[in-house]
Amino acid sequence: MNIEVINGVMVFIIGLVFGSFYNVVAYRVPNNMSIVFPASHCPKCNHKLKFYELIPVLSYIFLGGKCKVCKERISIFYPFFELLTGVLFLLAYLVFGFSFKFLIALIFISILIIVSISDIKYYIIPDEVLIVGSISIIVVYIINSLVNDISLFNGVLMPILNGAASFALLYLFKFFGDLLFQKESMGGGDIKLLFVIGLTLGFDMAIVDIFIAAFMALPFSVISLIKNNNNILPFGPYLSLAAAIILLTNLNLDMILNFFIA
Ligand SMILES: [Zn+2]
């Protein structure tokens, strides 16, 4: 078999397994629970999951989406985010091959996945995930700069400044948004997430990210406003989805300008 295919399948399976772990992290960190103990169990009957009930995606299918003991329904979220992590890891491999960019992409995708799950479930973007993720990305930037003889200014400091500028920009948006709507227009977690997005994609693409996210969120915000008479909705998943699209399409400012000029 072609080595590319073998690598792709491997990366996909590793993505599924990591996705399964990210589900655990995203549910436990916002609740200040350990990510190691206790072992995975059914939240209703406390049945401790056996190894064959912990296989990403497949266990969900074999168990028919129910706990084996008490038949409580298992959220479709679990297999969905396992599969999504696998697919995004695979796409990152297809786009970047085995490279420093690939490593950055995997860390970035991991942050986006965990943050999205936590934000959907608890309206929380956990600081711990952003901090550990940012430090991991910066460490890879440092190693990349040393290995490929890039100056630390260009290879490390510039991305950090890009992150800081992106954070500051969304902070301003929130400031004026709060004034305009006379209420909290955006969560603090979204603003901190923009640091990681700017750190990875650059300041210009972080701006594009905000606009794509807002564009995608708008119809759902209107529906929520009509149905529930509120427009509180987690913005993190939209920022994350837009960021994943920008990352994996290698979208840059030239492509956007060419599209509108040509
Ligand atoms: Zn159960």
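Me: Is Phe 260 buried or exposed?
Reply: Let's count its neighbours in this predicted model. A residue is buried if 20 or more other C-beta atoms (placed from the backbone) lie within 10 Å of its own, exposed if 12 or fewer, and partly exposed in between. Phe 260 has 6 such atoms within 10 Å, so Phe 260 is exposed.

Me: Good to know! Which helix holds Phe 260?
Reply: Residues are numbered from 1 along each chain as its sequence is written. Helices are DSSP runs (H or I, at least four residues), numbered from the N terminus. Phe 260 sits within residues 253–261, which form helix α10.

Me: How are α5 and α6 oriented to each other?
Reply: Helix α5 (residues 127–147) and helix α6 (residues 152–181) pack at about 165 degrees. Such angles run from 0 to 180 degrees between N-to-C directions of axes, lines fitted to C-alpha atoms over the stretch in contact. Angles over 145 degrees count as roughly antiparallel. That is why α5 and α6 are roughly antiparallel.

Me: And which residues of α6 does α5 meet?
Reply: Two residues are in contact if their C-beta atoms, placed from the backbone, lie within 7 Å. From α5 come Ile 138, Tyr 141, Ile 142, Asn 144 and Ser 145. Their partners in α6 are Leu 152, Gly 155, Val 156, Pro 159 and Ile 160.

Me: What distance does α3 reach from its first C-alpha to its last?
Reply: Helix α3 (residues 77–96) has 20 residues. The expected span is 1.5 Å times one less than the number of residues, and for α3 that is 28 Å. The model comes close to this, with a reach of 28 Å.

Methods:
Predicted model: local features only at pLDDT ≥ 70, side-chain atom pairs only at ≥ 80, totals over all residues. Helix = DSSP H or I, 4+ residues; strand = E, 2+ residues; numbered from the N terminus. Parallel < 35°, antiparallel > 145°, perpendicular 65-115°, else oblique.
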